Amino acid sequence: MLVPSMSRRLCHSLGVRTMTACQARTPLNTNPASSIDTNISARHVSTAPQLTKLNNTMTPADIREKLLAPSFPIEKMTALLDHDNHQMRADFRKFISEPVMVPRYNISLEEERELALRRLQRICDNKFISVLDFWNNPLRIFAAHELAAVIDPAMTTKMTVQFNLFGGTILKLGTERHHKELLEGIDNLNDVGCFGLTELGYGNNAVEMETTATFDQETKEFIVHTPHPLAQKYWITNGAVHAKHVVVMAQLLVSGKNEGIHAIVVRMRDNDMKTMPGVTIEDMGYKMGLNGVDNAKLSFDNVRVPRENLLNKYSDVNEEGVFSSSIGSGRARFLTVADQLLSGRICIASMSLGGAKATLSVAVRYAATRLTVGPTGKSDTPILVYQLQQRALMPLMARIVATNIGLDYVKDRWAFQKEDGSEHQEVVTMCCAIKPLASWLLEETVSICRERCGGQGYLSCNRFGTFLGLAHAAMTAEGDNSVLMQKVAKEHLGFLAKNPPKLNKPSSTSLDDPAYLHYLLQARKVNLFTSLGKKMALAGKAGTYDSWMFEESDLIQHCGKSFGEEIMADRFALTLETCDKDLKPILTKVFNLYLATIIEKNLGWFVISGLLQPSDVDIIKAHSAELCAQLGPQSLAICESFGITDTMLSAPIALDWVGYNSYDNQGELMSEKEWDETVRNA
């Protein structure tokens, strides 16, 4: 609910009805008042919304309520998709109505960065996230990322560095001396930090980084040094403006020996935010998106830090200058200090999922209320009923739900893996798969939804540009998507060599049977990895590198995607067995469309491989189209089940886009005067 102090104009901008005072929108009916007969034809279902008389004198909210006729209980679907931390999620959705959370577009770089920090400060003040959640409730971390990304992806990027990369590394690699000094300040933002792993010359090959931390036996200090420009820390979030500390990953040199990469805390600014001696901070300036994130280049000129600043849970240097470690090899030490990248990939996948849900919700809401020419020649037909719109949006919806279910499984596997480490490698592979698939899905969702919203989609206030910026950041951060897919293919190929897969072909081979479509996805993965294994065996040990890097890139990428998409299909199928009976009919259709969509996107391969015949192509396309037609009338309800409030969406075309254009809005949700009074000078 919007706070009472908000102006009538702001309420109008957010699509909230105004009477004598600013009020929240009338709650949508979330009980299946009129269910749709699942046995009627797709053609009838697809045109069912036209049976409701609509016209341009109705408000968008009235049209949405007329069209919203869920065949399932929305609250139950929300609970299933939320998965965990239900009360925290509900509280967050209510909290997010503060004026500082309202999007603003025509502002300076400096103000955009300060706004991102202020928003994060409010989340921290209300204790929606804590670095200690990694110990007490790790799923809460991911829930906060999904919800916050809907509000401001730049703010959420700062959050993921503060609490996961910086805070999580302090928590997991540090000991009591570090925890006592920093954990409270991490939670309340008194100690903003950053994570110094990537170097200008070393990204995916970070193990070869050149920053050094040399132990000085005489002074009992480490000397952190950047030997040349390629070794400067690069793309360091929070570094340009707000951070006081940086966890520097560096080659640890003790008594002339390189002990591998370790993490050491370096103070980069004092409490007055003055740069520390020997530290060079350079602002990276404007980016193509997420400009609320202050990225920096960092260099160190023989900066001395106390011996105690080494994060020493696994490795240490005592006062006598003797190095000790409970981890054997240098590579193993690097994987240990970089382990926070795994949870980081889940954080980014959660942000991508939140962005995809918001993007689709904007497009579906607009499509439901944008009336154009129908059979009568009058503007009385929502574009949502057209096949053009349904074939674009419904497959995205199915993939978003499938990704939600698959991501929930990966979150659980990461959070609750066995302490003996026996499951860790499998979890690593899943984390490396889910981040690329979720962020690629976000990019595709944004691009398609933007186009399907026409010129309205090009306005900044309708938020597609914001989420496109998130998508491209997510595709690169915490590991380039395609490089991660190489790792997925490599690790799973090794797993299959020791655990040969077994396929059980169902008795039905009908292309409208989800059991058979599910089998086809499983068979695809087995076929692809079998082919890759044979090619690697043929190349031999001497030719493996050339074959992997120069000859089989397309096959490797396809293998990685097939692994991730099969996980989503497998978990979706299990969800259908355990979900509430009231959800099973609609989820079965969504699952069926997900399977058909993946097959349709790879039809050429399925035919070439012999898993499908050329005559099957038209059948699978018709099946997909029919499912889109059946799900179109339910898409408003499914988007409603994402639990994204009007205030969180904030896109005029998802709300009252007619009212928004009834005054000179300047492309903003608040006038300059309102912004000054409620945010800038508040």
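Is Glu600 buried or exposed?

1. Glu600 is buried, at a relative accessible area of 18%. Bear in mind that this is a predicted model. The cut-off for buried is under 20%, so Glu600 at 18% falls on the buried side.

2. Glu600 has a salt-bridge partner, Arg391, with the closest N and O atoms 2.7 Å apart. This one links distant parts of the chain: Glu600 belongs to helix α19 (residues 584-601) and Arg391 to helix α13 (residues 387-415), 209 residues apart. Arg391 itself counts as partly exposed, with 26% relative accessibility.

3. There is also a network worth a look. Salt bridges with shared partners join Asp82, Asp84, Arg89, Arg93, Glu146, Lys357, Asp408 and Lys411 into one network.

4. Next, have a look at Arg140 and Asp133, whose side chains form a salt bridge at 3.1 Å, N to O. Arg140 is buried, with a relative accessible area of 16%, and Asp133 counts as buried too, at 8% relative accessibility.

5. Then there's the strand pair. The side chains of Glu282 and Lys297 meet in a salt bridge, 3.1 Å from N to O. Glu282 sits in strand β7 (residues 279-283) and Lys297 in strand β8 (residues 295-300), so the contact ties together parts 15 residues apart in sequence. Glu282 is partly exposed, with a relative accessible area of 36%, and Lys297 is partly exposed as well, at 22% relative accessibility.

6. For the overall tally, the count comes to 39 salt bridges. The pairs Glu600 with Arg391, Arg140 with Asp133 and Glu282 with Lys297 are among them.

How values were computed
Residues numbered from 1 in each chain as written. Predicted model: local features only at pLDDT ≥ 70, side-chain atom pairs only at ≥ 80, totals over all residues. Heavy atoms only, no water. Salt bridge = Lys/Arg side-chain N within 4 Å of Asp/Glu carboxyl O. Buried < 20%, exposed > 50% of the residue type's maximum accessible area, 1.4 Å probe, protein only. Helix = DSSP H or I, 4+ residues; strand = E, 2+ residues; numbered from the N terminus.
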